[in-house]
Amino acid sequence: MASPAQQSPQGGGGGKRKVKAQYVQAKRARRCEGGGPRQLEPGLQGILITCNMNERKCVEEAYSLLNEYGDALYGPEKFTDEGEPPAGSEEEDDDVEAALKKEVGDIKASTEMRLRRFQSVESGANNVVFIRTLGIEPERLVHHILQDMHKTKKKKTRVILRMLPVSGTCKAFLEDMKKYAETFLEPWFKAPNKGTFQIVYKARNNSHVNREEVIKEVAGVVGSLNSENRVDLSSPRYTVVVEIIKAVCCLAVVQDYVLFRKYNLQEVVKGAPDPRPRPPRPAARAENGGEAPPGAGDRSSPEDPAGGNGHRPEPPESAELGPAEPASQAPGLRGDGANPEGSESGENNLS
């Protein structure tokens, strides 16, 4: 039977091969996984994007748009080159345990450098894409994109609909959301900071959270941070975005929500309605073949006669409409389409 001294060289060589095998395996795994989470989970920051049936095209457009504006705000993204493991002495190679520990330490130390600035992860809902961000402020980036598109009116996407920043995520249970919001909302609403606000809410693939309860709790947290915070559903300074997907709650506080058409990239590039009055209708001819008096064909003025018969025309039923109902008195709650995203219950809690 061979002595331990005779077995050590073979064992040392095996340890060296094992270290290299572990390194190659870890390197391949990092390349496949992108060095980050593969699905939406608590603790992430990013950008939630809704699209029109084509998620793959949505991801491509999102990468292009985010990289364009991200490079402008934060500079070009830097990448690291993962080469071969550093060469060491024979004594280091023989110590398999020390080599493995060193490799694990190197992996942990370089995690931040290996992660991409933008990385798509599984959102957990159809027609919804979540882009995980690293080293940037989602609110600042998305606001900059919308501000530029609103100014230039230049359309840059085809399938992306809305782009919402997500500055914090937590578990989608009422107690967890309330506890997380107490700290998350402080930079905007804790005294001496204050401002008018509204809450927009949307839940996907989740049935255990009650919409009214969530809005009530979030509004209560805002009121507890500063009693001068007030609800304003028409032109709030801040909009608290609450997006729930499965068991994850995404939170953000954004500005210019109304100005930027609820952060809809398709709507924000559309021009404002033309303020110029419409041209008058062409004058109608009288029955006897002569020209009708001026304004006879324009039924918008009650002073104009009706082309030779001496009777004043009756205005159409839709010509006289009452004033538009204020947003604060509207029976519906603020939202998008058939799925409202805000509630007046927050105002009842604070008024």
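Student: Which strands does H2 lie across, and at about what angle does H2 run to E3?

Tutor: Please keep in mind that this is a predicted model. Helix H2 lies across E1, E2, E3 and E4, and its angle to E3 is about 35°. Strand E3 covers 128–133, while H2 covers 55–74.

Student: What is the order of the strands in the sheet, and how are they paired?

Tutor: The order is E2-E3-E1-E4 in an open sheet of four strands, and the pairing is antiparallel. Strands E2 (118–121) and E4 are at the edges; each has a single partner strand, so one side of each lacks a neighbour in the sheet. On average, neighbouring strands of this sheet are turned by 25° against each other, with direction ignored.

Student: Which other helix packs on the sheet?

Tutor: Helix H6, residues 138–152, packs there and touches E1, E2, E3 and E4. The direction of H6 makes about 150° with that of E4.

Student: How many bridges join E1 to E4?

Tutor: Five bridges join strand E1 (residues 46–51) to E4, and the two run antiparallel. Within this pairing, leucine 48 stands opposite leucine 164 in E4. As a general idea, side chains in a regular strand alternate between the two faces of the sheet.

Student: Why is strand E4 described as largely enclosed by the rest of the structure?

Tutor: The criterion for a buried residue is a relative accessible area under 20%. Of the seven residues of E4 (residues 160–166), six are buried, so the strand is largely enclosed by the rest of the structure.

Student: How should I read a salt bridge?

Tutor: The general idea is that side chains of opposite charge can pair when their charged atoms come close. In the whole structure, a search finds twelve salt bridges. One of them joins the side chains of aspartate 71 and arginine 117, with an N to O distance of 3.3 Å. This pair links distant parts of the chain, 46 residues apart: aspartate 71 belongs to helix H2, and arginine 117 to the loop between helix H5 (111–114) and E2.

Student: Which residue forms a salt bridge with glutamate 228, and where are the two partners placed?

Tutor: The partner is lysine 194, and the closest N and O atoms are 2.6 Å apart. Glutamate 228 is partly exposed at 46% relative accessible area, and lysine 194 is partly exposed at 42%.

Student: Which residues do salt bridges with shared partners join into one network?

Tutor: Glu68, Asp148 and Lys156 are joined in this way.

Student: What is the distance between the closest N and O atoms of arginine 140 and glutamate 137?

Tutor: They are 3.9 Å apart, and the two residues form a salt bridge. Arginine 140 is partly exposed, with 41% relative accessible area, and glutamate 137 is partly exposed, with 45%.

Key:
Residues numbered from 1 in each chain as written. Predicted model: local features only at pLDDT ≥ 70, side-chain atom pairs only at ≥ 80, totals over all residues. Heavy atoms only, no water. Buried < 20%, exposed > 50% of the residue type's maximum accessible area, 1.4 Å probe, protein only. Pairing = 2+ DSSP bridges. Axes fitted to C-alpha atoms, helices over the stretch in contact; angles between N-to-C directions. Contact = heavy atoms within 4.5 Å. Salt bridge = Lys/Arg side-chain N within 4 Å of Asp/Glu carboxyl O.
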